[in-house]
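The sequence and the structure follow.

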Amino acid sequence: MNSFIRIFMLLIIVIPLLGGCWNQRELTDLAFVMALGIDKGTGNEKYDVTFQVVVPANVASSQNGGSGGQGPPVVVYKSSGNNLTEASRRATKKIPRELYYSHTSIVVIGEDLAREGILGVLDALDRDPEFRTTTVVIIAKDRKAEDLISVITNLDKLPMNRFIKTLEATEAMLGENIKVTIDDLLQGITSSGKEPVISGFIMEGSTEKGTSPQNINTTKPPAMITADGLAVIRKGKLAGWLDYNNARGAVWLMNKMQGTDIDFNWNGIKDAVSTTPFLSNTKVAVSIKNGKPFANINIETAFKLSEINTDFDNEDPKKIEVLENRVSAQIKSEVESAIKQVQEYKADIFGFGENIHRNHPKIWGEIKHDWGNQFANMDYQINVKSYYRESGLRGKPFWSDLKK
Amino acid sequence: MEKAKISAKQLFVLVVLFEMGSAILVGFPLNLKQDAWVAVLLGMAMGVGLFFVYYRLFLYFPDLPLTSYLEKIIGKWPGRIMAYFYILYFAYLAARVLRDFGELLTSTIYTHTPLFFLMSLMIITNAYAIQKGFEVIARVGELFFVVVYLMAIGGFFLIIFSGLIHLENLKPVLESDWIQILKTTFKGTLTFPFGEMVVFTMLLPYLNQAKKAKLVCISGMILSGINFTIATIINITTLGIDLFMRSPYPLLSTISRIQLFNFIERLDVLFMIYLMIAGFIKVAIFYYAAVAGTASLFQFKDYRTISLPIGILILLTALMIASNYTEHIREGLDIVPIYLHWPLQIIVPCLLLVIAFFRNRRKQSKEAAS
């Protein structure tokens with residue numbers, strides 16, 4: 001009897017431990033949202049939201065190289081609502097599982113919505129405990145986010161990986177785009193002396209073919225996702241785009257440059273010499289001169305020679321000096337034109353205002369209310385120093401021999 | 001009083017874990033923005049000063065806990081009433097920490113689990129530890145200390161190697177004026193966590209080498225203060241000021257930022273383990289102080305008979321003190337420091353020390369005269 005009561009008591013004590021299972025959700029009951037696309041609503045609602053949900057069976061079998069994997073690795077659902085929660089909850093009418101956001105790694109915002117303002121969608125992404133704030137945000141240029149979300153890709157089974165890896169690759173090799181997370185975005189939006197940028201993506205080709213297996217069963221995909229341009233955000237709205245050299249100039253100035261290529265004409269041949277900067281450091285000091293903010297920008301970079309398509313003596317220190325100066329001049333002109341264009345947008349994406357706040361807090365108190373205009377009219381000075389390092393496996397190019 | 005003895009090392013470990021405790025989770029002086037760390041350091045310095053008051057009291061009565069020597073200092077009945085208030089205070093603080101712990105879990109990972117279940121699990125574990133006695137809690141503390149430090153050092157290096165630290169976020173230094181900083185220090189960091197050392201007036205008699213009490217407690221406070229400062233600085237430099245101010249649990253946001261080699265990421269679990277350990281130790285110490293105080297005040301032969309009832313009281317209090325998280329935090333920041341912490345951590349101990357000092361002198365002069 002006594003032992004019976006003891007065991008009974010023990011069992012009762014164990015019951016509360018089951019509280020730990022309260023939150024249990026079976027894997028088969030979850031829909032893993034890989035990417036989220038947010039567009040301006042076409043109907044009465046404010047937002048059209050698309051959810052790219054992974055189809056586990058198709059991904060797993062194709063990774064093992066098995067014969068399975070019928071059908072695409074993801075499926076896209078669409079829903080609408082006046083805020084994200086509403087849209088997400090309404091989506092469950094169509095999706096036979098509970099939406100699960102812990103693995104969401106990309107949020108695509110349609111350009112229409114970006115022009116109207118993105119502030120309305122950010123809080124949900126920031127607040128939700130499931131959602132990671134390291135999730136990357138991009139803008140679908142001239143497109144609906146839905147189009148980008150729906151495309152299936154080769155090379156990366158999961159289309160959302162395509163965005164992330166493309167961004168990472170181009171950030172490291174070309175330097176016209178940068179990976180911006182929800183955190184970075186919010187930091188830029190809330191800071192009074194800084195505005196954020198977001199990388200843009202376009203889609204080349206047709207949406208319809210991109211969503212069908214055709215797109216991965218061919219060596220020349222009819223639809224292609226491509227990183228393109230840097231969106232300048234001002235007060236939560238898309239103010240304009242920076243493209244090509246302007247985007248690169250902005251990346252230099254934000255000290256995010258990891259690698260790129262700069263080409264020159266030589267001996268009258270267009271882009272005959274190609275250099276690849278691989279190290280770079282940008283220092284900015286903003287002060288007040290003649291009652292106006294003044295930015296002193298110092299950029300230092302080291303570059304390699306990667307291609308010489310003309311008779312260019314790269315073993316001659318004097319020629320190298322000329323080369324170094326031309327690299328510097330090119331960088332300087334790119335940065336300059338980037339600043340000019342951004343000044344037109346009146347959006348301080350470089351954080352000059354924050355720089356003043358940090359180093360001259362008192363002056364900042366006086367000018368911060370009018371910072372957009374102050375930024376648009378501010379002066380700057382750019383000093384670029386570039387250093388030649390090496391030229392790969394060869395010295396002089398074979399072109400030098402051809403001349404003889 | 002239980003016949004437990006703990007070593008200086010164990011006391012040190014308990015002080016460090018207790019002081020870092022929930023402060024590192026929810027106790028950042030957010031209103032100071034990038035100057036929060038100044039208030040933490042100031043709070044630590046003042047807390048050490050305050051600890052000397054508790055230590056002098058301990059020296060007058062090295063064998064008695066606070067609830068017992070209150071009677072000796074201010075007389076039988078006033079002392080008992082005061083002791084009763086202290087017991088309520090400790091139980092209330094235990095409930096507050098328990099609630100912090102529960103709220104944190106429900107708003108981060110156990111989003112569908114009722115608060116009551118999470119908290120009752122914690123209080124059952126604590127009740128068990130208290131049944132086993134104070135020595136057990138101290139030994140558990142030793143074990144956990146190693147775990148916490150391994151995690152802290154690991155996390156620290158991971159954050160640095162992830163390149164998350166942006167020291168420029170600390171600038172401009174001292175943008176807030178000193179009056180604001182001092183206000184925050186008195187209301188915030190001095191009372192929580194450093195002033196909470198008042199609970200150790202109940203525990204110091206258990207130390208087997210009374211001489212070491214001062215060194216051990218103060219070095220423990222300084223170590224935890226430095227850790228707290230480092231955590232504050234890491235949070236500010238990683239999150240930036242805006243996010244730091246908007247996060248109820250900045251450390252969680254910081255840790256979830258870690259991303260290394262696309263492989264080491266989503267380390268929130270480190271934070272959760274710390275949360276369990278810190279929650280356990282901190283609740284256990286307040287809970288034990290309340291139980292030991294009750295046992296000595298109402299002269300129970302065995303304190304174990306009342307440990308479970310008080311545990312249930314703490315659990316129910318934790319549920320009742322606030323109807324939602326906002327209320328809980330507002331109470332903790334605005335009301336508790338002024339109406340509970342200041343009187344019971346600062347004013348009463350200081351008064352006690354003054355009275356004890358004069359009584360002792362009179363006694364000594366009497367002895368000298370006779």
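Asn126(B) touches Phe280(B), Val283(B), Ala284(B) and Tyr287(B), leaving aside residues up to four places away in sequence; contact here means heavy atoms within 4.5 Å. Asn126(B) itself belongs to helix H6 of chain B, residues 115-132. Helices (H or I, at least four residues) and strands (E, at least two) are DSSP runs, numbered from the N terminus. Asn126(B) counts as buried because its relative accessibility is 0%. The classes are buried for under 20% relative accessible area, exposed for over 50%, and partly exposed in between, with a 1.4 Å probe and protein chains only.

The model is predicted, so local features need pLDDT of at least 70 and side-chain atom pairs count only at pLDDT 80 or more, while totals for chains, interfaces and linings use all residues. Residues are numbered from 1 along each chain as its sequence is written, chains are lettered from A and ligands numbered from 1 in the order in which they are written, and side-chain values use heavy atoms, with hydrogens and water left out.

**Chain A**

Chain A contains 15 helices and 13 strands. The C-alpha trace of chain A spans about 100 × 60 × 55 Å along its principal axes. Chain A has 404 residues, of which 50% count as buried. Among the contacts in chain A with a separation of 6 or more, 71% join residues 24 or more positions apart.

For residues 228-392 of chain A, an unreviewed UniProt entry gives the feature "domain: Spore germination GerAC-like C-terminal". UniProt positions are given in the numbering used here, feature names are shortened, and annotations may be inferred rather than shown by experiment. Over residues 228-392 of chain A, the chain is 36% helix and 41% strand, and the end C-alpha atoms lie 29 Å apart.

**Cavities and a pocket**

How many cavities of 30 Å³ or more does a search of the whole structure find? The search finds two. On a 1 Å grid over the protein atoms alone, a cavity is a set of points where a 1.4 Å probe fits but cannot get out, and a pocket is an open set with protein on both sides within 12 Å along at least five of seven lines; lining residues have an atom within 4 Å of a point. Grid points are joined across faces, edges and corners, and a volume is the space filled by probe spheres set on the points.

The table gives the volume of each space.

| Space | Volume |
|---|---|
| Largest cavity | About 40 Å³ |
| Second largest cavity | About 30 Å³ |
| Second largest pocket | About 1700 Å³ |

Of the 46 residues that line the second largest pocket, the closest to its centre are Arg127(A), Asp128(A), Pro129(A), Glu130(A) and Phe131(A). Helix H5 of chain A (residues 119-127) provides the largest share of this lining, five residues. By class, the pocket lining has 19 nonpolar, 14 polar and 13 charged residues. Ala, Val, Leu, Ile, Met, Phe, Trp, Tyr, Cys and Pro count as nonpolar, Asp, Glu, Lys and Arg as charged, and the others, Gly among them, as polar.

The lining of the largest cavity includes Ser22(B), Asp100(B), Phe101(B) and Gly279(B). Helices H2 (23-26), H5 (76-108) and H12 (268-297) of chain B each supply at least two residues of this lining, and H5(B) gives the most, with four residues. Six nonpolar, two polar and one charged residues make up the lining of the largest cavity.

Tyr54(B), Tyr86(B), Thr201(B) and Pro349(B) are among the residues that line the second largest cavity. Helix H3 (36-60) and helix H14 (325-369) of chain B are the elements that give two or more residues to this lining. The lining of the second largest cavity has seven nonpolar, one polar and no charged residues.

**Backbone features**

Most residues other than glycine have a negative phi, and most peptide bonds are trans. The peptide bond from Phe192(B) to Pro193(B) is cis, with omega near 15°. Pro193(B) is placed in the loop between helix H8 (178-189) and helix H9 (213-239) of chain B.

Asp142(A), which is not a glycine, has a positive phi near 55°. Asp142(A) occupies the loop between strand S6 (136-140) and helix H6 (145-150) of chain A, and counts as exposed because its relative accessibility is 64%. Lys33(B), also not a glycine, has a positive phi of about 55°. Lys33(B) sits in the loop between H2 and H3 of chain B and is partly exposed, with a relative accessible area of 37%.
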